[in-house]
Amino acid sequence: MLATKEFTDWSAGYVLFAHITTQVPGDKHQDLLAQKGGNGFPHLVMLEPSGMVVAQLEGDRDVAGFAAMATKGQAKAAEIKKLIDAAAGGDKAAQVALFKVRLEVGSFATVADARKEFDALADADKAALEQPLYDFSVRLRLGQLTSQEDALAAGKEFAEAIRAGKSFKGDTGTAQGYWSLAVNYAKSVKDVVVAERCIAAITELFGDNENAQRFVKQLTDEVATWKAEKK
Amino acid sequence: MNKLVGVVGVLVVGLSVATPSASAQDDELSTLKARKLASPFLARVTWHLDYDLALADAARSGRLIFAYFTRSYAP
């Protein structure tokens, strides 16, 4: 599709950027896919001029799908521009709203970068941003997994948060990965508390899906076995 | 002693065949990257391959960036 005349004609109004993850040592921005919310290839998004993701491809990978994505992107970019201008003018509410948008749209390369700006906010503003900051950290973590061992380590981190009463509250795509890894970890150590919280969350999010129902049933039976073993 | 040297020698050769050196892996990755860069879609119209240059172009022109993420290290 990208080599067609149809695409060439349509794309004239946009800056075209192709990012190739090469794994060649020294190549720049090898984590860019994860930063921009991607966890697989190909990944197609619109970015506004400071690099924030303003739309993701939801339809078919054709010019009609790209055009729909671009239209959404234009609207979101206009909203963001208003926030940027208001924040630059000293509007505190706009500054907080802009920080939240930046967490959602891949504006920070690392959690440390985001936390540095978060720590500079007033305490009253921080409360409302704890969840978006956590959701951002989860998206980035999932997008940067390097191995099965790393996935288990991530699952352990998620399980610890779940035990502490915190969990991912963002998009369902990321939620699937989050709860899957937490379940895998819980199974590896037979953690009843975490497993039961995963069951509740997966039921709430995906309860209509037959595969999810089967998965939940299996996990529920396993947890019952762990409980019996502990008696 | 000669037998021990022989065994060690076989092990060294065997390991070097079984485990590609880091530089051989890097060469392979570079070759795959070059192959990807020769993709037909990149030749039809001007694509930025550098993120920072894409951002600069977008800032200058006021246009949105159509960003396509792909990989070369695997199919």
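Guide: Start with one pair: A:His19 has B:Phe69 in β1(B) as its bridge partner. Likewise, A:Phe17 has the bridge partner B:Ala67 in β1(B). Before going on, note that this is a predicted model, where local features need pLDDT of at least 70, side-chain atom pairs count only at pLDDT 80 or more, and totals for chains, interfaces and linings use all residues. Residues are numbered from 1 along each chain as its sequence is written, while chains are lettered from A and ligands numbered from 1 in the order in which they are written.

Both pairs belong to β1 (residues 15-21) of chain A, which pairs with β1(B) in the parallel sense over seven bridges. Strands pair if DSSP finds at least two bridges between them. Strands themselves are DSSP runs (E, at least two residues), and helices are runs of H or I of at least four, numbered from the N terminus.

Now look at burial. Seven of the seven residues of β1(A) are buried, so the strand is largely enclosed by the rest of the structure. Buried means that 20 or more other C-beta atoms, placed from the backbone, lie within 10 Å of the residue's own. A:Val15, A:Phe17, A:His19 and A:Thr21 point one way. A:Leu16, A:Ala18 and A:Ile20 point the other way.

Next, widen the view. The strand sits in an open sheet of four strands, in the order β1(A)-β1(B)-β2(A)-β3(A), with mixed pairing. β1 and β3 (53-56) of chain A stand at the edges with a single partner strand each, so one side of each has no neighbour in the sheet. Direction ignored, neighbouring strands are turned by 30° against each other on average. A helix packs on this sheet: α4(B) touches β1 of chain A together with β1 of chain B. The direction of α4(B) makes about 165° with that of β1(A). Axes here are lines fitted to C-alpha atoms, for helices over the stretch in contact, and angles run from 0 to 180 degrees between N-to-C directions.

β1(B) has another partner too. Strand β2 (residues 43-47) of chain A runs antiparallel to β1(B), joined by five bridges. There, A:Leu47 has B:Ile65 as its bridge partner.

Finally, take in the whole contact between the chains. Chain B gives 32 residues and chain A gives 38 residues. Contact means C-beta atoms, placed from the backbone, within 7 Å. On the chain B side, α2 (22-37), α3 (40-44), α4 (51-61) and β1 (65-71) each give two or more residues.

Definitions and conventions. Two residues are in contact if their C-beta atoms, placed from the backbone, lie within 7 Å. A residue is buried if 20 or more other C-beta atoms lie within 10 Å of its own, exposed if 12 or fewer, and partly exposed in between; C-beta atoms are placed from the backbone.
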